[in-house]
Amino acid sequence: MINILVCVSGGGTNLEAIFKALEAGKIKNAKITSVISNNPNAYALERARNHGVLGAGVSPKDYSDREEFNRALLNEIKKSNPDLIVLAGFLVNVPASIIREYKNRIINIHPSLIPSFCGKGFYGLKVHEGVLNRGVKVTGATVHFVDEGIDTGKILAQKAVCVQEGDTPEILQKRVMEEAEWIILPDTISKIANGEIKIGE
Ligand code: GRF
């Protein structure tokens, strides 16, 4: 049984997809033991409560500088002793110290086909704006290990999604979530939990 910590900042639909997959038995040998948000008001924390997990808010606003916040974040992470950390819409630059401590145990979902529309500045709706501005016909989502770069870690899963005539960033974001993110994130966690994808190596 692996213990999963999910880090979130916003709505938490990816978190919800993971809970649903666990409850439906699609992910076996795993449980979400904790949820951390940098935004104490994130709706994702309410979703966690609805599934019986008491989430924790660790806000940068409560600390005098980044170093102190990073230490508090690491302390909160350590409390749950996670085997796997899932960044599911976590809008925080995870410090190198945490990445090193949990090497190949942190995965992230990114809403494009890496290496397109990723890296600095590509987060949230900006990713989908970039896709529409460039006029590509296919986008998608990627699950990858988190290393010290931005969206540069080893790719674990990808799924393509078609861009359609008349798409707005919001419409495309929703389609990428429904057709790709909510599928490949639980699926990757399932593969990790059953040993098909090795972590921590
Ligand atoms: C998703 O698009 C995810 O790919 C990105 O942030 C968004 C989070 O959405 N990293 P939600 O909070 O899971 O609804």
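Which residue in strand 2 does Val6 stand opposite? Val6 stands opposite Val35. The model is predicted, so local features need pLDDT of at least 70 and side-chain atom pairs count only at pLDDT 80 or more, while totals for chains, interfaces and linings use all residues. Residues are numbered from 1 along each chain as its sequence is written, and side-chain values use heavy atoms, without hydrogens and water.

**Strand pairing**
- Strand 1 (residues 2-8) pairs with strand 2 in the parallel sense over seven bridges; pairing requires at least two DSSP bridges between the strands.
- From strand 1 the chain passes through helix 1 (residues 13-23) to strand 2 in a right-handed β-α-β crossover, that is, clockwise from the first strand over the helix to the second with the strands pointing away from the viewer.
- Strand 2 also pairs in the parallel sense with strand 3 (residues 56-57), over two bridges, and Ser37 stands opposite Gly57 there.
- The β-α-β crossover from strand 2 through helix 2 (residues 43-50) to strand 3 is right-handed.

**Secondary structure**
- The chain has six helices and seven strands, taken as DSSP runs (helices H or I, at least four residues; strands E, at least two) and numbered from the N terminus.
- Their order along the sequence is β-α-β-α-β-α-β-α-β-α-β-β-α.

**Burial and contacts**
- Six of the eight residues of strand 2 (residues 30-37) are buried, meaning under 20% relative accessible area with a 1.4 Å probe and protein chains only.
- In the chain, 51% of the 201 residues are buried.
- Of the contacts (heavy atoms within 4.5 Å) with a separation of 6 or more, 66% join residues 24 or more positions apart.

Definitions and conventions. Buried means under 20% relative accessible area, exposed over 50%, partly exposed in between (1.4 Å probe, protein chains only).
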